[in-house]
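Visitor: Could you take me through this structure, please?
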Amino acid sequence: MISFNTVYFIYLVPYYIEKNLVPEKNSTSNAANPFMRYIAAACIMSNPQSPKGVVPNVVALEVLRKNGIDIDKLIKLITAGVGAEFTTYYYYTILRMHCTGLEGEGIKEIVEDARIEDRNHFEAMVPRLYELGGSLPRDIRKFADQAGCPDAYLPDNWEDINSILKVLLEAEQCAIRSWGEVCDMTTGKDPRTYDIAQRIMQEEVEHEAWFIELLSKRPSGHFRRKFVGQSPHTGDQGSLIHL
Ligand SMILES: [Fe+2]
Ligand SMILES: [Fe+2]
């Protein structure tokens with residue numbers, strides 16, 4: 001009787017090698033590079049469960065480990081952070097819709113700036129999540145459940161504009177704590193993640209200031225963005241090619 005191993009090595013390994021290799025660029029031959037065949041065979045035999053998309057050693061991650069970064073913990077923090085940005089974008093949409101009347105219309109544009117910039121934060125950090133070996137949960141319900149900040153629900157007494165401003169302020173303050181944790185963990189160790197997180201932090205600090213100023217009437221250095229959702233700090237990060 002032919003065993004599974006016999007079938008695997010005689011039929012499946014050559015099949016997977018041919019399936020996963022293409023001739024070298026600029027080669028006149030239709031055959032794959034023999035050296036690459038050898039590498040592919042070694043990879044497939046060492047990982048028979050995943051013959052497709054074998055990931056080689058990632059030096060960018062090796063360096064982080066050498067610098068003392070707990071990559072699994074960082075991935076968890078970032079997934080929670082981008083989850084909070086995404087859910088905040090959703091809830092801010094509802095909050096903005098309820099900024100009506102003489103007072104509400106006056107702050108609608110500020111809420112919209114914060115809403116779009118929080119969406120931009122999601123876009124700016126998600127590519128880094130994948131570089132680190134993480135990924136977005138397949139199910140959006142799971143994604144929302146693991147978000148690092150509470151849901152920014154529309155308050156029952158939303159006709160009082162201050163009640164909406166308090167919800168907005170708490171959401172921004174949670175985001176500052178959340179990205180602050182990522183900055184603390186990566187400073188001096190993971191310059192790439194730190195750079196994106198600190199850019200997000202700068203905008204979160206501005207968002208907090210906007211809502212504090214609206215609530216407290218303290219003097220303000222804030223003036224309007226050049227356009228809605230400008231993201232002056234994160235605008236050229238990640239997937240934000242539309243900005
Ligand atoms: Fe944000
Ligand atoms: Fe924000």
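Predicted model: local features only at pLDDT ≥ 70, side-chain atom pairs only at ≥ 80, totals over all residues.

Visitor: Which residues coordinate the iron ion (ligand 2)?
Guide: Asp118 (OD), Asp118 (OD), Glu172 (OE), Glu204 (OE) and His207 (ND1) do, at 2.1 to 2.8 Å. Donors are N, O and S atoms within 2.8 Å of the metal (3.2 Å for Na, K and Ca); water is not among the atoms, so sites may look incomplete.

Visitor: How far apart are the iron ion (ligand 2) and the iron ion (ligand 1)?
Guide: They are 3.4 Å apart, and aspartate 118 coordinates both.

Visitor: Are glutamate 172 and histidine 207 buried or exposed?
Guide: Both are buried, meaning under 20% relative accessible area, with exposed over 50% and partly exposed in between (1.4 Å probe, protein chains only).

Visitor: Now the rings: how many aromatic pairs are there?
Guide: The structure holds 5; rings of Phe, Tyr and Trp (its six-membered ring) pair if their centres lie within 6.5 Å, and planes under 30 degrees apart count as stacked, over 60 as edge-to-face and the rest as tilted. One of them joins tyrosine 91 and tyrosine 153 edge-to-face, at 5.3 Å centre to centre and 80° between the planes.

Visitor: What is the relative accessibility of tyrosine 91?
Guide: The value for tyrosine 91 is 14%, so this residue counts as buried, whereas tyrosine 153 is exposed at 52%.

How values were computed. Residues numbered from 1 in each chain as written. Chains lettered and ligands numbered in written order. Heavy atoms only, no water.
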